[in-house]
Amino acid sequence: MSGVLVTMETVVAAFGTRTLLDGVSLGVGTGERIGVVGRNGAGKSTLLKLLAGEAVPDAGRVVQAGSLRVGILAQDDRLSPTMTVRQVVVGDVPDHVWAADPRRRSVLAGLGLLDRLDDTVGQSSGGERRRTALAALLVDDLDLLILDEPTNHLDVEGVAWLASHLVSWRGGLLVATHDRWFLDEVCERVWEVVDGRVDAYEGGYSAYVLARAERARRAEVTESRRQNLLRKELAWLRRGPPARTSKPRFRIDAANALIEDEPPARDALGLRTFAASRLGKDVYDVEDVTLRLGGRTLFENLTWRLGAGDRVGLVGVNGSGKTTLLRLLTGQADPGSGTVRVGKSVRQAMLAQEIRELNPQLRALEAVQEAGQTLDVGRGKQLTAGQLLEQFGLPSARQWTRVGELSGGERRRLQLLRLLMGRPNVLLLDEPTNDLDTDTLTALEDLLDSWPGTMVVVSHDRYFLERTCDTIVALLGDGSLIMLPNGVEEYLSRRRGLVDAADAADARAGTADARADNTSGAPNPLSAGQVRVARKELTRLERALERLGRRETALHAALAQAATDHGRLLALDTELRELVAEKSRTEEAWLAVATDLEDA
């Protein structure tokens, strides 16, 4: 289907006494990829349900094209608990039929469901059910795809896969999400739901930030704090490394004019110096820790040191032990062997994924004041509990609402503020961006920019990690913790390399089994197709060895130049050891493939 898919004409929609949409008119066409943003409760989900035909407006009308095939991923779970993943995603189609379909196979693999096809929905976790519902939509032949928070419960790898998949989506696409990297990567337009209207912006998240900042400047808005936050975020987007602005769809001259006097997001050296005065030189020393859980080895001879002012992002595959590592630092988990030493001056605070129980009878303001009255936000400035709540999207009238009547996202904000009000000097944050809208995330990042202390963040939100952390480390599931000088992009590259290596190993194992099964003793050569695949793999490995060799030479040169810089030497030495190990694995793979070709 081509052309306009669905239109909305002067639509009014209310929830209780609140008007969410007031006279809104808009449309979605084939090939359009639109991101929907706005504060929690602004009406994003209502807008999506109206366009999908699942809700009726109080006034106005929504018109869908004839025979429109539309699918929606809602925030609520709609799957039958008795069905299996296989039944939900591929129905009764025989295995040999759907397995021959590249789209179905790619979707199931990309969402990590290939080995869970026979699991029933009722026995699956919330994240697995959500991935199952998403897979069922992606394998269908739809004209309009509507996704409400699709990146929830996906790890960094899964989010990257979903983004690459949706970029090639041929129908219309509407995505409500708080994942700003995802918005920039996938969407070509942004709709902001605010004050009953829908404001449209061309481009992804970067262009949206610029347009908002320009509008604020032209209108001479008096909300200086809000305007300054926009300028600050825009400055970070413009000055950051290319990976953070891979699609700079905003005008460079206009952006530079707005940020010419804007200082860097944070004074890293000043914060580190101040943190050292509060923490001393010892924060965490993890030495030779080996931890096994449920028959699996999470960490093996793990050594990791965290110093004063370190801001570290932690990524890894699901089940690799990210949350367990945070629990080791807090003493909530005991290492099977090895030691975890905590500095004497450490006052740590951990934000867990689950929302801690708050007294439901307390008012929101009282819940924050219970932890502290004011917070020092740098440069001699302090904010009261009420001002912080205002900054985090709870206006003064809402601050007197009882905790039990707040939404999950609002309670999450109270958790964060109570944590900061306790004045810790070490923050351990496990998925802090859950249930937070883009404006609240920006406010949190601004607050953390002036926070002096050591911080470890576990998150699937790539934008938040790169915005708040100076270093990225990864758990790859092999028991080790590695530093990633090139950040999340390097993590994804390493993961792709591990998957390729595993596939190659499986192929070699299959060849060896076939030879062992040849009881006649006669040679069992590779087929012509297998020979072509093996030669391609050999060429790929040879190129990888050349690249690794060049990188090794460059690292040796860098080590010679950094002879007097101890910190730099340690970082380069760690990278070199990892590179040598990777080169050794690649050489072994090359030798195995070359042997197979010789025998053929």
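**Salt bridges and cysteines**

R197 is partly exposed, with 39% of relative accessible area. For accessibility, the cut-offs are these: buried is under 20% relative accessible area, exposed is over 50%, and partly exposed lies in between, with a 1.4 Å probe and protein chains only.

A word on the model. This is a predicted model, where local features need pLDDT of at least 70 and side-chain atom pairs count only at pLDDT 80 or more, while totals for chains, interfaces and linings use all residues. Residues are numbered from 1 along each chain as its sequence is written, and side-chain values use heavy atoms, with hydrogens and water left out.

Back to R197. Which residue does R197 meet in a salt bridge? The partner is D199, at 3.1 Å from N to O. A salt bridge here is a side-chain nitrogen of Lys or Arg within 4 Å of a carboxyl oxygen of Asp or Glu. D199 is buried, at 14% relative accessibility. In general, side chains of opposite charge can pair when their charged atoms come close.

How many salt bridges does a search of the whole structure find? The number is 30.

Next pair. D439 and R39 form a salt bridge, with their closest N and O atoms 3.9 Å apart. This one links distant parts of the chain, 400 residues apart. D439 sits in helix α16, residues 438-449. R39 sits in the loop between β3 (33-37) and α1 (44-52). Helices (H or I, at least four residues) and strands (E, at least two) are DSSP runs, numbered from the N terminus. D439 is buried, with a relative accessible area of 14%. R39 is partly exposed, at 26%.

Those two residues also belong to a network. Salt bridges link R39, E192, R212, R413, D437 and D439.

Now a pair within one helix. E466 forms a salt bridge with R462, and the closest N and O atoms are 3.9 Å apart. Why is the separation about one helical turn? Because E466 and R462 are four residues apart in helix α17, residues 462-468. Are they buried or exposed? E466 is buried, with a relative accessible area of 11%. R462 is buried too, at 5%.

Last topic, cysteines. A disulfide is a covalent bond between the sulfur atoms of two cysteines. The search criterion is a pair of cysteine sulfur atoms within 2.5 Å. Across the whole structure, the search finds zero disulfides. C187 is buried, at 0% relative accessibility. C469 is buried as well, with a relative accessible area of 5%.
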